[in-house]
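Entries follow in the order I made them.

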Amino acid sequence: MKLKDLADKIKGRVRGNGDTEISRVMGAEAAGEGDITFISNPKYTRFLGETNASAVIVTEELADAGVDKNFLIAEDPYLAFAKVLSILNPKEAPEAGISKSATIADSAKIGSNVHIGANVVIEDNASIGDNSSIYANTYIGKNSTLGSQCLIYPNVTIRENIEIKDRVSIHSGTVVGSDGFGYAKEGSGAFKVPQTGGVIIEDDVELGASVTIDRGTIGETIIGAGSKIDNLVQIAHNVKIGKCCIIVAQVGISGSTTIGDGVTIAGQSGIAGHLDIADNVTFGARSGVTNDVKEPGVFTGYPAMDHKKWLRVQSVYAKLPELSKRIKKLEMELEELRDTDKKKK
Amino acid sequence: MKLKDLADKIKGRVRGNGDTEISRVMGAEAAGEGDITFISNPKYTRFLGETNASAVIVTEELADAGVDKNFLIAEDPYLAFAKVLSILNPKEAPEAGISKSATIADSAKIGSNVHIGANVVIEDNASIGDNSSIYANTYIGKNSTLGSQCLIYPNVTIRENIEIKDRVSIHSGTVVGSDGFGYAKEGSGAFKVPQTGGVIIEDDVELGASVTIDRGTIGETIIGAGSKIDNLVQIAHNVKIGKCCIIVAQVGISGSTTIGDGVTIAGQSGIAGHLDIADNVTFGARSGVTNDVKEPGVFTGYPAMDHKKWLRVQSVYAKLPELSKRIKKLEMELEELRDTDKKKK
Amino acid sequence: MKLKDLADKIKGRVRGNGDTEISRVMGAEAAGEGDITFISNPKYTRFLGETNASAVIVTEELADAGVDKNFLIAEDPYLAFAKVLSILNPKEAPEAGISKSATIADSAKIGSNVHIGANVVIEDNASIGDNSSIYANTYIGKNSTLGSQCLIYPNVTIRENIEIKDRVSIHSGTVVGSDGFGYAKEGSGAFKVPQTGGVIIEDDVELGASVTIDRGTIGETIIGAGSKIDNLVQIAHNVKIGKCCIIVAQVGISGSTTIGDGVTIAGQSGIAGHLDIADNVTFGARSGVTNDVKEPGVFTGYPAMDHKKWLRVQSVYAKLPELSKRIKKLEMELEELRDTDKKKK
């Protein structure tokens, strides 16, 4: 594809030779003839001079930096890179059709142009929307509904009474609708609280691999439209996640917590139960959140605190032995000073 | 169902109209005509006046609080709620029968009234007890035994030589009997220590989704009767977990550690290997346990310490930059004082 | 097997009766007639006198400790134990053959002496090397290649365009080649960055249960030869792991980070993205690594620091309330001293 055609498609602008043929996106170091690369971080400006790529996606500012290259200029080079990558690597949908080895209940409704892979099991009254693909060995329980253009990878489990809307992607190993973890103490044992609710996964959600999303005890666990969840994340019963959230790998969110819209939770963080987290909050990696957060902001640590404050806390934390010595020294010096004073008397 | 009949079944007591028809359990805010709700936390007493539920499960004390309602009085309203929920939502067992697409070894023994779903694989000499249900796409290895009334959800893997007793539930994605993580150094490489042991899952255990339980290296990994394990928990080789333990999501327990009875381990905690944890210990969320615990108690933090102490530690930790400034100030003031003293001389 | 024959096979030396018959490896306490046990930790020397084992694997030094036993003397008793265990418990490979219920694309290439279990799905142009075993319900995507002597347990997902070399073991529930977690901000939403790369798993790698390894965005995610990865570990897109690394359960490694050879990462640690970690680095349990590490060494904590320093930091951390009181006391005493001084004037 010509550089100028790529630029047209992503509403970018060419500087240099727009007829340059581009066939591949590559990292700056590995790129060569026929490749386009991108530099979005000013830290990597030096690669502009070093890369052998035929073209580079950059900001206007970087294009003006004095290096002679074929440029695709975009306001957000990373977004432009993602779009170019998707243009040059169109996602190949699996062929429509239903595998002979799939087990589909008579009462299930299957839309048009649907792919259902080998050994897929679809139980009573489940329904699959048009243009959706269900890869091999995936299970879809009773009364569960999938919208259109969904992409469900192999070995996924979607339990009964789950509602999945349109353009949802679910990666392998993920379980949607396992029982919430609820027990009432009865003597020295535990009486299981029945988990009678469901899960709603709204439009354009992506769930990574081996994510676990428990069903509501009563009512639903909800993942809001456009939210993206990374691998090995745990979402407990009755959690409500807002729209366009980003939840990174190995995060855990405890029962009945509500997360606002546009919230980012970095990897390995944990959020306690029954909390309310405001819109547009960001939690840094490995945060432990034990209180409501009422205003947007960046918070990190355990207990989670203002991120800048946390950076200072961590910096002092790493010097604790030294601090301890300084306190000891102060105590001795003060003692000495008092002794001197006493002697004077 | 009439309120008085519900009360009979759970050995509670009615105050108000026992003939009230109850068809559903709902949260206090969402409840309406025909619904029963519960208030177990005195913090939520205000909902008593606000809820539109036809009846409310409460303690005697709350029933006396002056609000006019139909009450189901119970010593432990949360337990009563769980029981009412289970009465109004009886668990529907999947129909008995063996799917034609299941692959069952001739030497496997299948009890009576068993459900075996599509594509289930049961290997040589495995056995399944009466009234157990094995959902679709689950694998049961050679010589493994399941007791009666077990409930194994889709896409579970139970490896060879595993013993699962009665009334055990295992959620989707869970793996029982993967190899323990053991290697002996040999030059710059690693020689795999064969993992020749098994796993015993005792009566009434529930394992959440995508839990991993490794087999013993020699001897067994054991999950004691009545213990409940949440999603994404890691149990290493030769761990022994006592009876009636509660292990919350994303906890990891390292090899050969022994956990007593009635232990609670809150989410994202880690327990080092070869430790002994006494009965009735509770670890707070995100604890890192590196030493034996010999007495019951509540412990939190990394290193795990008495929970109340940890609360004080965390509170000082969050003020470290201030502490650091106060030390600096003390140093300067002390210096000044000494200077003054010197000048006096 | 006779003790002397075992010794020959592992290149150890017998002291005592080499004709002793050994049939089983057991722990020192449980061992009896016909069992061999091992003592590698000098801490457990007392077991030498207590064990009923017919023979004990020990170092020369321990054999000289004055206890009269049949010894198998080895430089590294733990390695010797692992080898004896593997000799007495030879791994039984599943019988070669292809299950009738497997779904194998016509274009797939299957080597000789291969086991393919029930419901295995092998897509177009995939290939399986000689003497490999693929257990039931596992999925292997288009164009993916497995080398020889691989062992893939049930319910594994290997996505398309994955390269797995020789003697690789992958435990149940593991996903290789899920999409990397990459989105570019577009308005309030997220534009998915296509994940067009692959994964290379080199020779002799073992992946535990429910591990997730994302494919590269561009280029590959690589797990180096001989590396061993425990359960529930997350490896993000474009991570490069060196040779002979040990990565313990529930670790997460963020995108584009490079890990050297011989690196050990203990459980529940997290490594941030775009970092370089040198060869032969060890991270202690629950470390949070946010910076490059340029030299070998042992590091622990969050932020990760020299392990010995971290031990001191943790010891002061646990005494923070006391430190805080000492500072308060210093402030009061200093104030008092100044007051005294003033009065003198």
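**Entry 1: a strand residue in chain C**

I started by listing the contacts of Val56(C). Leaving aside neighbours within four places in sequence, Val56(C) is in contact with Thr37(C), Phe38(C), Ile39(C), Leu48(C), Thr51(C), Lys69(C) and Phe71(C). I note that this is a predicted model.

Next I looked up where the residue sits. Val56(C) belongs to strand E4 of chain C, residues 55-58. Is Val56(C) buried or exposed? I found 25 C-beta neighbours inside 10 Å, so Val56(C) counts as buried; the cut-off for that is 20 or more.

I also checked one pair within chain C. Glu33(C) and Val56(C) are 23 residues apart along the chain, and their C-alpha atoms are separated by 12 Å.

I turned to chain A. It is divided into domain 1, residues 3-88, and domain 2, residues 97-308. I read 37 Å between the C-alpha centres of domain 1 and domain 2 of chain A.

In which order do the 5 strands of the open sheet in chain A stand? I wrote down E1-E5-E4-E3-E2, with mixed pairing. Strand E1 (13-15) and strand E2 (24-25) of chain A stand at the edges. Each has a single partner strand, so one side of each is left without a neighbour in the sheet.

E2(A) pairs with strand E3 (residues 35-38) of chain A in the parallel sense, over 2 bridges. Val25(A) has Ile36(A) as its bridge partner in E3(A).

**Entry 3**

I moved on to strand E22 (residues 198-201) of chain A. Strand E17 (residues 162-164) of chain A pairs with E22(A) in the parallel sense, over 3 bridges. In that pair I found Ile164(A) opposite Ile201(A).

E22(A) is also joined to strand E25 (residues 220-223) of chain A by 4 bridges, and these two run parallel. Here Val199(A) stands opposite Thr221(A) in E25(A).

**Entry 2: a hairpin in chain B**

I looked up strand E37 (residues 297-300) of chain B. It runs parallel to strand E35 (residues 281-283) of chain B, with 3 bridges joining them. Phe283(B) has Phe299(B) as its bridge partner in E37(B).

E37(B) also pairs with strand E38 (residues 305-306) of chain B, in the antiparallel sense and over 2 bridges. Phe299(B) stands opposite Asp306(B) in that pair.

How many residues lie between E37(B) and E38(B) in their hairpin? I counted 4. Gly301(B), in the turn, has a positive phi of about 95°.

**Entry 3: the largest nonpolar core**

Which members of the largest nonpolar core touch the most other members? The core has 197 residues, and the answer is Ile152(A), Val233(A), Ile152(B), Val233(B), Ile152(C) and Val233(C).

I took one of these for a closer look. Not counting residues up to four places away in sequence, Ile152(B) touches Ser133(B), Ile134(B), Tyr135(B), Thr138(B) and Ile170(B).

**Entry 4: chain against chain**

I superposed chain A on chain C. A turn of 120° with a shift of 0.0 Å along the axis gives an RMSD of 0.1 Å. That is the relation of a three-fold axis. Chain C goes onto chain B by a rotation of 120° with 0.0 Å of shift along its axis, at RMSD 0.1 Å.

Then I went through the contact of chain A with chain C. It involves 53 residues of chain A and 50 residues of chain C. On the chain A side, helix H4 (77-88), helix H5 (307-317) and helix H6 (320-344) are the elements that give two or more residues. H6(A) gives the most, with 10 residues. By class, I have 24 nonpolar, 20 polar and 9 charged residues on this side.

Methods. Residues are numbered from 1 along each chain as its sequence is written. Chains are lettered from A and ligands numbered from 1 in the order in which they are written. This is a predicted model: local features need pLDDT of at least 70, side-chain atom pairs count only at pLDDT 80 or more; totals for chains, interfaces and linings use all residues. Two residues are in contact if their C-beta atoms, placed from the backbone, lie within 7 Å. Ala, Val, Leu, Ile, Met, Phe, Trp, Tyr, Cys and Pro count as nonpolar, Asp, Glu, Lys and Arg as charged, and the others, Gly among them, as polar. A nonpolar core is a set of buried Ala, Val, Leu, Ile, Met, Phe, Trp, Tyr and Cys residues joined through C-beta atoms within 7 Å. A residue is buried if 20 or more other C-beta atoms lie within 10 Å of its own, exposed if 12 or fewer, and partly exposed in between; C-beta atoms are placed from the backbone. Copies are superposed by least squares on the C-alpha atoms of residues with pLDDT of at least 70 in both. Domain bounds come from an automatic or database domain assignment. Two strands pair if DSSP finds at least two bridges between them.
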